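Have the viewer open as you read.

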Amino acid sequence: MSEAFLELGSRVPALNKDGGSPKPKLLTLGGDHSVALPALRALNKIHGGPVAVLHFDAHLDTWNPHVYTSAWESAQSDFNHGSMFWIASNEGLIINGSSAHAGLRTRISGQDWGDYIDDDRQGFLRISSDDIDDMGTKGIIDAIIKRIGLETPTYLSIDIDVIDPGLCPGTGTPEPGGWTSRELIRIIRGLEDLNVVGADIVEVAPAYDGTGEQTALTAAQLGYEILTSWVGRGMSHMENAKEWKTSTKDEL
């Protein structure tokens, strides 16, 4: 999958010759969250260095795989949907100190704060699900922008379980007490000025969805929000490029 992401991300967009985005932006839709690792590996090569991660999820997903016992200890078992950001951090794919989790309400793996200590080492800011009661959506938006900045290349990763299972039941690891779909959409819209270079919407499990397919509908809406924000940012860059060309004097 790393090679597939790299091949797709290395293509030259049709708009490039007219002053558009110099690199494609890839939006991945699906199930297992571990798809973020090959995406980050590809982005590291495409952009020549690590990127920030903005991670919406009920869970940390920065867990050391050796904390959780496995009946089949192997490199393959180390790579899972709760360890991919730990692996990415240790591979140097994530900017330490400019990344953030949002919507957390996770349980920790032991009796101490080891999970959080390791998460701190990897450089993530943690915003809990409960924080929205005190901060509001604007406070969440402001905290994320302050952490990441508007120019840092950023990978946006949305686990659908960040939303309360009463609204989005179609996921494999539901956690009560999540945000509403309206709150998350509002936050995503407030972050449209971030320099998002890739994104995913994951952990959607249709087998567990309701008869109204509300989880799938919400995921589709989030995809729409991400794509339209990219189009808007690209149009803005194109307009700036046209203005620069118009204002540049032709010495010939």
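A cavity here is a set of points on a 1 Å grid where a 1.4 Å probe fits but cannot get out, and its volume is the space filled by probe spheres set on those points. Please keep in mind that this is a predicted model. By this rule there are two cavities of 30 Å³ or more.

| Cavity | Volume | Lining by class |
|---|---|---|
| Largest cavity | about 100 Å³ | eight nonpolar, one polar, two charged residues |
| Second largest cavity | about 60 Å³ | nine nonpolar, one polar, no charged residues |

Let us begin with the second largest cavity, at about 60 Å³. Its lining is made of Phe5, Leu26, Ala39, Ala42, Leu43, Ile46, Tyr155, Val197, Gly198 and Ala199. Two elements, helix H2 (36-47) and strand E6 (196-202), each give two or more residues to this lining. The top contributor is H2, with four residues. No charged residue takes part in this lining.

The largest cavity, by contrast, counts two charged residues in its lining. Around it sit Leu54, Leu156, Ile188, Leu191, Glu192, Leu194, Val196, Glu225, Ile226, Ser229 and Trp230. Which helix provides the largest share of this lining? That is helix H8 (residues 214-247), with four residues.

Now for the helix packing. H2 also meets helix H1 (residues 2-9): the two axes come within 8 Å and cross at roughly 40°. Angles under 35 degrees would count as roughly parallel, so H1 and H2 are oblique to each other. Their crossing is right-handed. On the H1 side the contact uses Ser2, Phe5, Leu6 and Gly9, and on the H2 side Pro38, Ala39, Arg41, Ala42, Lys45 and Ile46. Sorted by class, this contact has six nonpolar, two polar and two charged residues.

Ile132, Thr137, Ile140, Ile141 and Ile145 of H6 meet Glu183, Arg186, Ile187 and Gly190 of H7. By class, the contact of H6 with H7 divides into five nonpolar, two polar and two charged residues.

Note on methods. Residues numbered from 1 in each chain as written. Predicted model: local features only at pLDDT ≥ 70, side-chain atom pairs only at ≥ 80, totals over all residues. Heavy atoms only, no water. 1 Å grid on protein atoms, 1.4 Å probe; cavity = no way out; pocket = protein on both sides within 12 Å on 5 of 7 lines; lining within 4 Å. Nonpolar A, V, L, I, M, F, W, Y, C, P; charged D, E, K, R; others polar. Axes fitted to C-alpha atoms, helices over the stretch in contact; angles between N-to-C directions. Parallel < 35°, antiparallel > 145°, perpendicular 65-115°, else oblique. Left-handed = near helix turned anticlockwise from the far one by under 90°. Contact = heavy atoms within 4.5 Å.
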